[in-house]
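Reader: Walk me through this model. I would like to learn how to read helix packing, strands, sheets, domains and contacts.

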Amino acid sequence: MRWISKRRALAAVVAAGAACALAVPAAGIGSRAGSGLPTKIGKGEGALNLIEWPAYSDPSFAKPFERQTGCKIKRKDAGSSNQMVALMHTGGGGGGGQYDLVSASGDASLRLIYGHDVVPINIGLIPSWKDFLPAFKSPPHNTVGGKHYGVSLQWGPNTLLYNTRKVKPAPTSWSAIYSPRYKGKVSIPNNPIQIADAALYLMKTRPALGIKDPYELTKAQFDATVSLLKQQKPLVKRYWNYASDQIQDFKNGDAVIGATWPYQTLTLQAAKVPVKELIPKEGATGWADTWMLAAKAPHPNCAYLWMRYVTTPQVQAKQAIVFGETPVNPKACPFMNKIQAGACAQYHLNAPASYSKSIRFWKTPVPDCGWTSKEKCMDYTAWQQAWTQITG
Amino acid sequence: MAVDVAREAGLLRGARLRVSAAFWRRPWLRLAGLILPPVGAFCFVYVASLVVLLVSGFWAVDAFTSQTVHRWNLDNFRLVFSTADLTYWRIIGRTVAMAAAVTVTDAILALPLAFFAARIAGRRLRGAIFVLVLMPLWSSYLVRIYAWRTILPEQGILNWALNGLGLPDQHLAYTVWAMWIVFSYIWLPFMVLPVIAAFERVPDSYLEASMDLGARGWQTFRRVVWPLVLPGVVAGSIFTFSLTLGDFITPLLIGGSGSSMIGLTVEQNVGLNAPLAAALTTVPVAVMAAYLAAAKRLGAFEAL
């Protein structure tokens, strides 16, 4: 082949490639659903695809739903809010025409709303909603401009999990996961929002930093928090991506202490692993979850039927006890006690509203801090990059 | 009716003949017909996706919604190749070092095995060795990785065996050492097979000539066998090196804190910061291009 023709061939390939490159992303931009909300729930479409936290459609209550409605559930478990947002973004956003509902926590929900990945729902079609705890009826993490982008579901704290045989004396403070005492045996979620846990700890232990809100950190506060987490890294056995990974590490003895969700604790205790969990004295971060309707949901009727079903008191009680969290519907209280004596008090469903206020619920860090107008706060991209620095 | 069918068959046959005649008269048409589908597929499926990847590396992402914004900039490349923040350099260095270590390990393991299989073992034993080398490939890659997850943990099979022998516990699970072991195990067949082929191509007469001229065994290996086998080793190393370089499942399932690799970092960014992931992906592409250029010089492509 002569040089000139080789160059011409290369140019043709590059041109063709560029043409393809410009065509592909253009095709990915989808249309947004109209604003007309449904006024009644139609017949189920026979299928329902969920992006969920593990056990959020546990067979103990999902099976009866499938029998009643004919909506066959397909689930995709996520291990972090990032995974949930990423899954909703696949296929051009809005769930890609594949997923119907996502059980987003507060640090994902607003990103999904402003990214047009989820659409408003008619809350009037969810009868149990009027019974909800007031704090979860129209919380700012799922209700924007009076529009409900889904229905609140369950909430709870992130806890400190430890092996009772290996960790003595029993820990009372988050300092246990930052001290070298359990070097190489610490288990931490692989989730940038974990920076808030460290910030909460510093808020109580280093008041000089002036941290007011673990999700609204100025540059100085943020750097101090990241440096604490970098010191923690050599202590960490593994940053877990899936709840099942952490369960395995505690079973196998690779981890003896770590940050967890109550779900792992309950699963380990059921498997007779000697573990306990607690909310340390510094307090805890937590989650408040919402079932949100994907913008391109292929089975909206089944999605509404599911939102209606999981907010009823009986199902709220079942899910609360399977995962170890607190319902948003206080009418679930007697049903929880029926399943497990004292469960309603154990999960603080009958506690005053001050209890839920004491938990620092996950939210997306944004540049505008609520507590100071003098400085900008670090945004979520900075959190993610810092997390890669810490763990990478 | 019968006449119609016969006429139709005749017409069809005529059309077919005319088409094949056209192809016969114009050889370039025949060539184009043969080569266009694979070239088209190559262009659209392979080259185009690479171009999309490269182009999207120059885009940005919305800090809040994590959606890609088509605003041209160099920030992603600046971040990846930053000299102030060495995170990505650390990950790139770890990945390349791991790929090199796995390649060397596999070469050291494969050489004696391949020598034995190709030159010493009888036909039946050689067949058995082939089957044993290929057997792991019959099961899924994931299954084999999960098998290692039952071997390596604190209360895993390995420690149980070590304790049985009166030896102390090892703490390999979820470390870079664990990844090194698992990678070396998983990619070994890809090294063994080309090396066996290379040993088989060494003529017996060369070895005899070497011995006749007074060379010892080691000398024969170093001066005669090794230069002839080297292209096979390099060919195998292309597989072990490139497969390790791009893998993200082993670091995800076997790696622990401080053992991220390029593939895993790309995977964890692709959903939320696709432009950054794209920028990072150019690194293994460049590393592999350099590696293949070097392999070509060593004659690896003749040995494949």
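Author: Start with two helices. The axes of helix H10 (residues 217–246) of chain B and helix H13 (residues 274–297) of chain B come within 11 Å and cross at roughly 175°. Helices (H or I, at least four residues) and strands (E, at least two) are DSSP runs, numbered from the N terminus. Some ground rules first: this is a predicted model, where local features need pLDDT of at least 70, side-chain atom pairs count only at pLDDT 80 or more, and totals for chains, interfaces and linings use all residues. Residues are numbered from 1 along each chain as its sequence is written, while chains are lettered from A and ligands numbered from 1 in the order in which they are written.

Reader: How are H10(B) and H13(B) oriented to each other, roughly parallel or roughly antiparallel?

Author: Axes are lines fitted to C-alpha atoms, for helices over the stretch in contact, and angles run from 0 to 180 degrees between N-to-C directions. Angles under 35 degrees count as roughly parallel, over 145 as roughly antiparallel, 65 to 115 as roughly perpendicular and the rest as oblique. H10(B) and H13(B) are therefore roughly antiparallel.

Reader: Which residues in H10(B) and H13(B) meet?

Author: Contact has a cut-off: two residues are in contact if their C-beta atoms, placed from the backbone, lie within 7 Å. H10(B) brings Val234(B), Ile238(B), Phe241(B), Ser242(B), Leu245(B) and Gly246(B). From H13(B) come Pro284(B), Val287(B), Met288(B), Tyr291(B), Leu292(B) and Ala295(B). By class, this contact has ten nonpolar residues, two polar and no charged. Ala, Val, Leu, Ile, Met, Phe, Trp, Tyr, Cys and Pro count as nonpolar, Asp, Glu, Lys and Arg as charged, and the others, Gly among them, as polar.

Reader: Next, a strand. How many residues of strand E12 of chain A are buried?

Author: Nine of nine, across residues 285–293. In a regular strand the side chains alternate between the two faces of the sheet. In E12(A), Thr285(A), Trp287(A), Asp289(A), Trp291(A) and Leu293(A) point one way. Gly286(A), Ala288(A), Thr290(A) and Met292(A) point the other way.

Reader: Which strands pair with E12(A)?

Author: Two strands pair if DSSP finds at least two bridges between them. Strand E3 (residues 101–104) of chain A joins E12(A) in the antiparallel sense over four bridges. There, Ser103(A) has Trp291(A) as its bridge partner. Strand E6 (residues 151–157) of chain A also runs antiparallel to E12(A), with five bridges. Val151(A) partners Trp291(A), and Pro157(A) stands opposite Gly286(A). Strand E14 (residues 360–361) of chain A pairs with E12(A) in the parallel sense over two bridges. Here Gly286(A) stands opposite Phe361(A).

Reader: Why is E6(A) largely enclosed by the rest of the structure?

Author: Seven of the seven residues of E6(A) are buried, so E6(A) is largely enclosed. E6(A) also pairs with strand E13 (residues 326–327) of chain A, antiparallel, over two bridges. In that pairing, Gln154(A) has Pro327(A) as its bridge partner.

Reader: What is the strand order in the open sheet of five strands in chain A?

Author: The order is E9-E8-E10-E7-E11, with mixed pairing. E9 and strand E11 (275–278) of chain A each have a single partner strand, so one side of each is left without a neighbour in the sheet. The twist averages 25° from one strand to the next.

Reader: How do the domains of chain A divide?

Author: Domain bounds come from an automatic or database domain assignment. Chain A has domain 1 (47–156 + 287–361) and domain 2 (159–283 + 365–391). Their centres, taken over C-alpha atoms, are 25 Å apart. 13 residues of domain 1 of chain A are in contact with 16 residues of domain 2 of chain A.

Reader: And between chains, how many residues are in contact?

Author: 34 residues of chain A are in contact with 32 residues of chain B. On the chain A side, H1(A) gives the largest share, seven residues.

Key. Buried ≥ 20, exposed ≤ 12 C-beta atoms within 10 Å, placed from the backbone.
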